[in-house]
Amino acid sequence: MHDRGAVTGEHVVVAEGLAVGYGGAPVLTDVTVAMRPGERIGVLGPNGGGKTTLMRALLGELRALSGTLEVAGRCGTVPQTERSRLDYPVSALDVVVMGALGRLPWWRRPGRAERGDALAALGRVGLAERAHHTFGELSGGQRQRVLVARALVQDAAIVLFDEPFTGLDAPSAAALTDLIDALAGEGRAVLVSTHDVSQTLAWDAVLCLNRRQVAFGPPVTALTPAVLEATYGRALIRLPGNGAGYAVVAHDHG
Ligand SMILES: Nc1ncnc2c1ncn2[C@@H]1O[C@H](COP(=O)(O)OP(=O)(O)O)[C@@H](O)[C@H]1O
Ligand SMILES: [Mg+2]
């Protein structure tokens, strides 16, 4: 069941015993989460752990094989970079304007108002001057920000970032962290998959996935040594010193 807009109370996403997959056996099971507006939720897990699969379920691209998933409001997504889409001759502005399509009645084309909204959203992510650049000629970090602008135009209640920090330089990563905080600050729920365990300590909740849900909750209580080992197995090393001293090694960025 994928029930859009029916979540009651203060939650924007509620999953109970959710299992999802691609037609065969489920690839991700036991997902039981409740997410509130304004929360930043880190999603941890090894490659193949089910992070992208969960985001696709939230977007409505995959049906629940068992359990339930309720999503209230629109999801905007900043997917992992897909090179194959970069050679379309669309401008940054076009990509953002397309975000307005879902808000318009089917018979209306985007016009002046939608272009104005799109330009304002590009301004918010610091890309006003790049509006007429081709999407594919922008840097990876700039393309991400264009997709954030698209989510703003969609007025997404939930914004999904799939491994957005992979391959970003330090200034771009700092800007992205600020943008995530700002999106949450205006009441959006923000889901961010990452390979950096310590990064999630600054956020409101963490969801650990390894083909099933290993843990969900506030990072300081959820990220126990047992949880981290069940999430990452042998890819985990313990760093000497403070209690949060974990590093994930031996993952690839596939
Ligand atoms: N389109 C697909 N069809 C079939 N299986 C898939 C598809 N996409 C991912 N999978 C499988 O689902 C599992 C979880 O993958 P994924 O959600 O991409 O993990 P992550 O994003 O954490 O690396 C993996 O075993 C992967 O092979
Ligand atoms: Mg993935």
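Start by selecting Gly50 and ligand 1: a backbone N or O atom of Gly50 lies 3.0 Å from an oxygen atom of the ligand. Keep in mind as you click around that this is a predicted model.

One of its polar side-chain atoms lies 2.5 Å from an oxygen atom of ligand 1. Now pick Tyr22, where a polar side-chain atom lies 3.4 Å from a nitrogen atom of ligand 1.

Which other residues are around ligand 1? Show Val27, Pro46, Asn47, Gly48 and Gly49, then Lys51, Thr52 and Arg211; together with Tyr22, Gly50 and Thr53, these are the residues around the ligand.

Now leave the ligand and go to the helices. Two packed helices are described by the angle between their axes and the distance between the axes, so keep both in mind at each stop.

**Stop one: H2 with H4.** Select residues 92-99 for helix H2 and residues 140-153 for helix H4. H2 and H4 pack with their axes 7 Å apart, at an angle of about 30°. An angle under 35 degrees counts as roughly parallel, which means H2 is roughly parallel to H4. Their crossing is right-handed. To see the contact, show side chains for Ala92, Val95, Val96 and Gly99 on H2, and for Val146, Leu147, Ala149, Arg150 and Val153 on H4. Color this contact by class and you get seven nonpolar residues, one polar and one charged.

**Stop two: H3 with H4.** The crossing of H3 and H4 is right-handed. On the H3 side, pick Asp117, Ala118, Ala121, Leu122 and Arg124; they meet Val146, Ala149, Leu152 and Val153 of H4. This contact holds seven nonpolar residues, no polar ones and two charged ones.

**Stop three: H2 with H3.** Hide H4 and look at the remaining pair. The axes of H2 and H3 are 9 Å apart, and the helices pack at an angle of about 115°. H2 passes H3 in a right-handed crossing. Select Ala92, Leu93, Val96 and Val97 in H2, then find their partners in H3: Glu114, Arg115, Ala118, Leu119, Ala121 and Leu122. By class, the contact of H2 with H3 has eight nonpolar residues, two charged and no polar.

Note on methods: Residues are numbered from 1 along each chain as its sequence is written. Chains are lettered from A and ligands numbered from 1 in the order in which they are written. This is a predicted model: local features need pLDDT of at least 70, side-chain atom pairs count only at pLDDT 80 or more; totals for chains, interfaces and linings use all residues. Side-chain values use heavy atoms; hydrogens and water are left out. Axes are lines fitted to C-alpha atoms, for helices over the stretch in contact, and angles run from 0 to 180 degrees between N-to-C directions. Helices (H or I, at least four residues) and strands (E, at least two) are DSSP runs, numbered from the N terminus. A crossing is left-handed if the near helix is turned anticlockwise from the far one by less than a right angle, and right-handed if clockwise. Contact means heavy atoms within 4.5 Å. Ala, Val, Leu, Ile, Met, Phe, Trp, Tyr, Cys and Pro count as nonpolar, Asp, Glu, Lys and Arg as charged, and the others, Gly among them, as polar. A residue is near a molecule or strand if one of its heavy atoms lies within 4 Å of it. A polar contact is a pair of N or O atoms within 3.5 Å; within protein, one must be able to donate a hydrogen and the other to accept it, and residues adjacent in sequence count only if both atoms are side-chain atoms. Angles under 35 degrees count as roughly parallel, over 145 as roughly antiparallel, 65 to 115 as roughly perpendicular and the rest as oblique.
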